[in-house]
Amino acid sequence: MTGVLQQGLRFKRHYDVRPEDDGHYSVQFSGQVATLSRKTWDAYKDITAKAYLKDASSDKTNTVKSGLLTLLGQNGLTYRVEDIPAAVTGIDFHDKYFESFLKAWLYKAFSHKFWDLMMKGEGSSRLYAGWLFELYHYTKNANRHMPLAAATCSNKAVKSLFAKHYREEWNHFHFFERALRAMDFSKEDILNSKPLPMTMEMSNFMREAARRDSVAYAICSAVLEGTTVDRNSFNPFYEAVKEHYGVPREAVQPIYDHLDLDVKYQHSNLFREICEEFGEINAQHASLILSYGHQMAEHIWMWTDNIWNYYSKSNNSLPNKPFDICRD
Amino acid sequence: MNISLKRSAKVREVASEHVAIDYLGFSYELKGNAANIFSKILPVLHSGNLSLQEITDQVGSAKDDVKKLLRLLGVHDLISGSRDPDARMSGVEFYEYHRKFCHHWLKEIYSHPFWDKVVQGTATDAQILGFAFEKYHYIEGAHEHMGIAAANSTKELMPHLAKHFCEEYTHGDIYRSGLVQLFDNDVVLNSQPLPSTRALINFLNESAAKNSLAYYAANEFLQMTENEDEDDSALNSTEPVSSFYAKMTEHYPYTVPLVDAFIRHTKLDQQLGHENAFFEMCKDISPLTMSEVHNIMDTTRSLVDVLKLFMDGIDVFYEHFPEVPRMPSTLLSE
């Protein structure tokens, strides 16, 4: 057991850091912002980077750091393992924990430069088309994980909710197909295209979660649904691609139609309904579920990076194509 | 049928009366008139939208010369051709075909920018430690995908897949033995892989459940990254593996126990003779249809892409989010 950990302390996850004009640093945590002096921020970076290293366990190091740890604790940047609740109700898990974490997770998920550059006019219609192709596959691949989640669930009420969700979602890839057709891709181009590896992982990870734990699967789904509820966050992106890259209205409207349908079905409330089915979630189970939720947010970031990396290179094929024994 | 230059062929040089093309480890040169015609029809060959007749019509006066050039390119397999859909490929023929592509694709892994950052000493500590954790997770993942492969195996391949699992399932422990010199065992065991590492493991898990031979053919590519002779497996043309590790420990002295573990694993894999396992497997299989060859090759190509993603993750994710090790969430951690 290493130094900081020896004292039963853990660091909270931070999601953003901004230097302020007055020389302080604003460190963003879920639901709170801590303002640290430059010296404290540097010490914080150092101590968190080494927190788990064995050589950070010497008594001397601990003494030096004890003052800092007290300061960080006072700012709410650390927590004690013994303070983790042994169990919470399903509803509390959703309302008091998940709801407050989701905003920070989505902030991390969408912190990739892709969004900023596309909005500023430094992307391309090729990138938008590539992004549509990957969304098409991702939505089509719902058929790889949604029915699996229903099939592997042992709670009758939750199983029914998964089944209903699947019934409402299974064919939504047609929205993205319509958008791609409006960008002059043929039906054959779309059908014969191949998803990027991270697009496949989005559904493979959901399949993994479905096999492991129904609530872990549900939280991944909730993180993804969380990306579709706020029109103020996604409309400017679509309006910008029309303005900057000459993307036709018909290649954007199906996306709006899809988002409207999701809102109509109230899919963003599904996770709360599922959590309601659980009288109690113990700390270990909660850790597993939250880890899946956080990892799903990280998956979105990595997925965006894969799309950016592949489609920003003009020599990569658009659409991406499978191996062809005659053409390779 | 439309004609295109093979997608794996790279035109290295286009000059007046001289063209150089690389394809699957071979180099081809065109000179004089042939080179000039090639330069003229190259955009059409890249697009693959025209038939032989349409290409010759477009070029105009030199129709016979174009036909002669395309015939020559066809003889050397440089342009797309049709395959008899009823044809079969023996297991040994497939082994050679697959190996030829894998050798070519290995270059995409060895040229990843992350290797150079390590050699130059410009990688961050988070990237270096992250690299060690991700390698551990990837090797530990063998427990998952090799188990799934053995459990879903065809009759012919079961002995090979069972043997491979039995020989490999403990290899994650070798990597862990390096990491526990720097971190507590519980920390290593509870750490979480990057999304891109999970992508690699999950891809192998899914392939293992679907098609034993396709899974093993993809796995063969991974094996080649461990088993190639030092001269062949240079991380770039001048930097063999041992020299890479020497640079790593020179720039990052704390990695000595990690590198020891990497090297122990590579040597163990080489001693186990896994480099022959795929050949032995291919000798046992019935001739493959073209559709089967297509599916297996596409699985291996997908594995190459996901292995590149694995490298991207170490490089870019740890650059943006330098949290190592990546610990699970709790009710109070977020």
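**Cavities, interfaces and local geometry**

Modeller: The structure holds three cavities of 30 Å³ or more; a cavity is, on a 1 Å grid over the protein atoms alone, a set of points where a 1.4 Å probe fits but cannot get out, and lining residues have an atom within 4 Å of a point. Grid points are joined across faces, edges and corners, and a volume is the space filled by probe spheres set on the points. This is a predicted model, in which local features need pLDDT of at least 70 and side-chain atom pairs count only at pLDDT 80 or more, while totals for chains, interfaces and linings use all residues. Residues are numbered from 1 along each chain as its sequence is written, chains are lettered from A and ligands numbered from 1 in the order in which they are written, and side-chain values use heavy atoms, with hydrogens and water left out.

Biologist: Which element gives the largest share of the lining of the largest cavity?

Modeller: The largest cavity, with a volume of about 130 Å³, has a lining that includes B:Y138, B:H145, B:E168, B:N219, B:E226, B:H265 and B:D269. Two or more lining residues come from each of α6 (125-140), α7 (142-151), α12 (212-227) and α14 (256-271) of chain B, where helices (H or I, at least four residues) and strands (E, at least two) are DSSP runs, numbered from the N terminus. The largest share, four residues, comes from α12(B).

Biologist: Which element gives the most to the lining of the second largest cavity?

Modeller: The second largest cavity has a volume of about 50 Å³, and its lining divides into six nonpolar, three polar and one charged residue. At least two lining residues are supplied by each of α12 (214-225) and α15 (270-276) of chain A. The one that gives the most, with four residues, is α12(A).

Biologist: How many salt bridges does the rule find across the interface of chain A and chain B?

Modeller: The contact takes 54 residues from chain A and 57 residues from chain B, and the area buried between the chains is about 4900 Å², of which carbon and sulfur atoms give 56%. A salt bridge is a side-chain nitrogen of Lys or Arg within 4 Å of a carboxyl oxygen of Asp or Glu, and A:D328 and B:R7 meet in one through their side chains (2.6 Å, N to O). Over all chains the count comes to 34, while across the interface of chain A and chain B the number found is nine.

Biologist: What separates A:R38 and A:D42 in helix α2 of chain A?

Modeller: The side chains of A:R38 and A:D42 meet in a salt bridge (3.7 Å, N to O). Because these residues are four apart in helix α2 (residues 38-50) of chain A, their separation is about one helical turn.

Biologist: Which residue in the loop between α9 and α10 of chain A is found there with a positive phi although it is not a glycine?

Modeller: Most residues other than glycine have a negative phi. The loop in question lies between α9 (173-181) and α10 (187-191) of chain A, and the residue with a positive phi of about 70° is A:D184.

Biologist: Which residue does a cis peptide bond join to B:V324?

Modeller: Most peptide bonds are trans. In chain A, a cis peptide bond joins A:L318 and A:P319, with omega about 0°, and A:P319 lies in the segment after α16 (283-311). In chain B, the segment after α16 (290-320) holds B:P325, and the residue joined to B:V324 by a cis peptide bond, with omega about -5°, is B:P325.

Definitions and conventions:
On a 1 Å grid over the protein atoms alone, a cavity is a set of points where a 1.4 Å probe fits but cannot get out, and a pocket is an open set with protein on both sides within 12 Å along at least five of seven lines; lining residues have an atom within 4 Å of a point. Ala, Val, Leu, Ile, Met, Phe, Trp, Tyr, Cys and Pro count as nonpolar, Asp, Glu, Lys and Arg as charged, and the others, Gly among them, as polar. Contact means heavy atoms within 4.5 Å. Buried area is the accessible area (1.4 Å probe) that two parts lose on being put together, summed over both.
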